[in-house]
Amino acid sequence: MLKRSLLMLTASAVALQAGSLDSFTRIDRSAAAQMAASTASPSAAAVEHSNVTMYIWADKYVYQPGEALTLKMTVQTNDPYPYTIVVFRQNNQTGKKTFIGPGKESDAPIDIYGRTADEGYQPVRVADKTREVVIGSGGWLNSSAWTIPSELGMHTLVVQLRDYTGGRVLKAAYFKIGVVDSFVDVGGVIGQDTTWVNTKAYRIQSLTRVENAVLTIQPGTFVIGMPRTDDPTALIITNSATINAQGTRSRPIIMTSSQAFGNRGREDWGGLVMLGKAKINVTGGTNFIEGLDNRPYLQYGGTDDTHSCGTLAYVRVEYAGSVFTTNNEINSFTWGGCGSKTVAHHLQAIYGKDDTFEWFGGNSDLKYAVGAFNADDYLDWQLGWRGRVQYLVGMQHPGTGLGNRGIEADNSEFGVTDQPYSNPQIWNLTFVGPGVSAQDENTGDGSPGLYLRRGTRGSINNAVVTNFGYPALMLPDAATMGELTAGNLVLNGLLMWNNNRLNLALPNTVEAQVAQKPAGTDIATYAADPTRNFVAADPQLRRPLVYSDPDLRPALGSPALQLRWNAPPDDGFFDQWANFCGAFDGDNDWMEEWTSFIRDQDIAPVVQ
């Protein structure tokens, strides 16, 4: 249990002396009510759309009972609203919450002053804080570190800013930790049905593959990729195996780096590769997955379009990817020839070296996907992929060489008319580029939002594309333009703004947001057709460039929420009600709690 407890924030302009609750600016409830009314005008709902930035983190992810934990926090409220602050730890196996007050814990809700609802919560003004210790030596209550309890499994540390009554959560920050009894080193071949449990953490020591077996990973399990100088420490599900990794919102499965917080980086380990037996458009019908040499167990493809590579749900892959040579890389998530019975939803890749989500043929689907701060493309396909995607986010990091395209799409790099054609159906995308320094680290080419080439077919609908160095849309070859003209490639619903950042002289118009390539083609004419819903307007995303705590939902009144956008097909996979542009409807943030956007540069200790 927590030995001593937690937290206080202050809006006082004078320096805060750790350990003193008296130094916080308390506000009586009547004054708080008046302040809330004036701040929330014209309605209290405006508070829920405020731009509060808040994130929390500990020393590491995985602990054993009896270890000490230090919790830190960064917060910027951007408003004078009075908040009731509530802090708790939740055991995600049992759901039990332990609320934290000054020198005490409670099973019943209390605020950080230890007050219950019957006693009346104490609202406070919240000051901006950066890398402040919440629990630990010198923390806001001058508390000692938290001693990890003997409660195995995943836990969530939560800080909530509630309204002055304490009844409504206006902002929450989450941090997941695993409490384990041991670490298990894995590598080589997993040749029989195996379950990885959340009471242990698994360290991948080598190129690890599953053959003729099912690998089950329990919700809330941490998988840690260890560094190597030869083969990466990737996890490969061969075409004779399946994976069953079904996390939950409260207990995601986290595959991550072994390096210390503040020192993690792309290519710390390889990533997750899934290989199946569905059709791909290469001669002979099979191929070897890129990124490694042609070892027999790396083969994928075949004739079974219903083949299952397994199930992934609520899985995070962090600090992965490995580049051996140009165009020969391992991605964060890779599907090679996975068929229609493969299930994938609620996936995140952050700080990947290469692509975020890449398909090599097959026809598997994906729903609710998040990519952030990766070094290459966010949605990449080739070799005849025919799957479906709905609700996908790609958010690039600012700076040279740290991101490429939102979508990079090919029919095949070997033959633009090879069959089956790449022909995916894509709906509800939000892509935020890195700004003026959007250069590809390998070729030096500018990075467009959507880069469709080599004869791809498909349908891309209701996409927000903003802040890219090159245009929102590029079709660089005649073969792809031919597919567009023939109606085999359909683009409908592109909300574009502030792209072409490498040429700031260009205006924010539909014509300037699309590229005239190759010479003599006329994408602008296609885009100008009003039935295709190409719009140049600010999507009014709430916090698209606050990198460790973004909010990519459109604000009230955004053109992304207008009635002009089409509805997805009612085919049993797509949500037909999602007739808005982008990955969010303006209210529901489906990324909350199970994802992480924290940049190591924002949590690394400051060197004095």
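**Entry 1: Asp 185 and Arg 203**

The model I am reading is a predicted one. I then checked what the side chain of Arg 203 meets, and it is Asp 185, in a salt bridge of 2.8 Å from N to O. Asp 185 lies in strand β12 (residues 182-186) and Arg 203 in strand β15 (residues 200-204), so this pair ties together parts that are 18 residues apart in sequence. I noted Asp 185 as partly exposed, at 44% relative accessibility.

**Entry 2: Arg 388 and Asp 365**

I went on to Arg 388, which forms a salt bridge with Asp 365; their closest N and O atoms are 2.7 Å apart. Arg 388 sits in strand β33 (residues 388-395), while Asp 365 is in the loop between β30 (357-360) and β31 (366-372). I wrote down that the two are 23 residues apart and that the pair links distant parts of the chain. Is Asp 365 buried or exposed? Its relative accessibility is 9%, and because the cut-off for buried is under 20%, Asp 365 counts as buried. Arg 388, at 24%, counts as partly exposed.

**Entry 3: Arg 453 and Asp 410**

Next I looked up Arg 453. Its salt bridge is with Asp 410, and the closest N and O atoms are 2.7 Å apart. Arg 453 belongs to strand β36 (residues 450-453) and Asp 410 to strand β34 (residues 407-410), so the pair ties together parts 43 residues apart in sequence. I found Arg 453 buried at 15% relative accessibility, and Asp 410 buried with a relative accessible area of 1%.

Which residues are linked with these two in a network of salt bridges? I listed Arg 405, Glu 408 and Arg 454 along with Asp 410 and Arg 453. For the whole model I noted a count of 27 salt bridges.

**Entry 4: a sheet of strands**

I turned to a sheet. It is open and has 3 strands in the order β1-β4-β8, with antiparallel pairing. Strands of a sheet pair through backbone hydrogen bonds, which can run parallel or antiparallel. Why do I call β1 and β8 edge strands? β1 (53-57) and β8 (129-135) each have a single partner strand, so one side of each is left without a neighbour in the sheet. Neighbouring strands here are turned by 20° against each other on average, direction ignored.

I then followed β1 and β4 (residues 71-76), which pair in the antiparallel sense over 5 bridges.

Definitions and conventions: Residues numbered from 1 in each chain as written. Predicted model: local features only at pLDDT ≥ 70, side-chain atom pairs only at ≥ 80, totals over all residues. Heavy atoms only, no water. Salt bridge = Lys/Arg side-chain N within 4 Å of Asp/Glu carboxyl O. Helix = DSSP H or I, 4+ residues; strand = E, 2+ residues; numbered from the N terminus. Buried < 20%, exposed > 50% of the residue type's maximum accessible area, 1.4 Å probe, protein only. Pairing = 2+ DSSP bridges. Axes fitted to C-alpha atoms, helices over the stretch in contact; angles between N-to-C directions.
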